[in-house]
Amino acid sequence: MKALVLVGGTGTRPRPFGHAIQRQLVTVANRPVLFFGLEAIRKSGISEIAIVVGKDDRAVRDAVGTGAAFGLDVTYIRQDAHLGLGHGVLIARDYLDGDDFLVLQDDSVILDGIPRLVEEFRRSDRPEAMVMVGDVTGGGGRQTVVTVDGRGHVTGLKQGQGHPYFDRTLVGAYVFNPGVHQAILSTTPDWRRQREVTDVMAWLVANGGTVLAYSTKGYWNTLGCVDNLLDCNREVLSRLDPVVLGDVDDASELLGPVLVDAGASIKGSRVVGPAVVGVGTTVTDSVIGPHTSLGADCDIQASAIEHSIVLERASLRAVGPVRNSLIGRDAQVWAEPAGSRLILGDRSQVALPTGVVR
């Protein structure tokens with residue numbers, strides 16, 4: 001069996017980071033979300049994978065390389081336009097070479113269940129498709145909801161919520177046998193020229209194919225918005241073991257599970273876990289956490305931040321409390337006595353304390 005990881009999308013979700021950072025490279029607990037999928041593939045016993053990348057693929061190639069660090073043999077396949085899961089599979093057809101294969105979509109974070117999905121596919125006599133499904137969430141109309149009969153067969157699919165009897169949703173992980181290629185070729189691209197997974201599954205169901213559902217009990221989410229990323233961050237942080245590799249002075253206090261990475265320095269501060277302080281980051285006279293990850297080489301001075309993600313090289317000076325925030329790479333946040341001063345890119349979002357305008 002091989003695996004395909006689709007990261008060719010250039011969508012703007014989660015705004016505004018889709019414009020500047022490949023969404024699969026945004027970090028939770030200081031690790032790109034892409035890495036969680038790669039590790040799950042290895043745990044599934046799969047070593048050969050292809051990553052379907054877009055036109056600007058340098059960041060993904062730099063992060064993953066040959067895949068050796070993950071115990072994988074990685075091939076890159078260029079997708080000049082993001083035209084849906086079906087198109088991603090079609091352009092990888094020569095690479096797949098008639099093998100069964102696992103597909104992970106680029107807008108999903110799945111921390112649990114992928115090895116079990118692969119195992120169940122193999123035990124189920126290799127159906128045309130086995131899809132991971134979970135409970136319907138509040139993710140909005142982009143979800144594909146499904147019905148599953150008592151034998152575990154998918155019997156219907158719809159895009160969006162609000163359909164009676166559709167109480168499960170596609171999670172973003174699938175295993176196929178080579179018969180799915182005919183289903184993809186038999187579907188008609190939609191008005192955006194995309195070959196959607198919904199149409200492929202519907203064709204299989206309508207034409208006698210076997211589509212089985214694997215219901216995951218583990219954690220999964222999508223990259224649809226910043227709140228989802230923050231939720232992923234909280235979940236991953238809750239699984240961390242406390243480790244102190246950096247320097248923590250006697251005037252500082254670590255409460256709960258805290259990971260202080262190599263080269264980090266904490267002075268006169270309190271860090272409430274679960275939390276992670278990245279490589280080379282300095283924290284001075286500040287309160288950090290809980291549920292906060294500080295990326296590498298950040299500088300936090302006289303500030304308070306919790307339930308947040310701070311990416312590499314960002315700085316906070318004399319601000320807070322900052323809550324439920326995602327602060328990008330090289331961002332600078334500081335207190336301004338004369339009032340707020342904002343320099344914001346397109347589609348940015350800012351929440352300021354309520355005040356009186358004089």
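Visitor: Which strands make up the open sheet, and in what order?

Guide: Five strands, in the order 16-19-22-25-28, form an open sheet with parallel pairing; strands here are DSSP runs of E with at least two residues, and helices are runs of H or I with at least four, both numbered from the N terminus. Two strands pair if DSSP finds at least two bridges between them. This is a predicted model, in which local features need pLDDT of at least 70 and side-chain atom pairs pLDDT 80 or more, while totals for chains, interfaces and linings use all residues. Residues are numbered from 1 along each chain as its sequence is written, and side-chain values use heavy atoms, without hydrogens or water.

Visitor: And which strands stand at the edges?

Guide: Strand 16 (253-255) and strand 28 (322-323) do, and each has a single partner strand, so one side of each lacks a neighbour in the sheet.

Visitor: What joins strand 22 to strand 25?

Guide: Strand 22 (residues 287-288) and strand 25 (residues 304-306) run parallel and are joined by two bridges, and I288 has I305 in strand 25 as its bridge partner.
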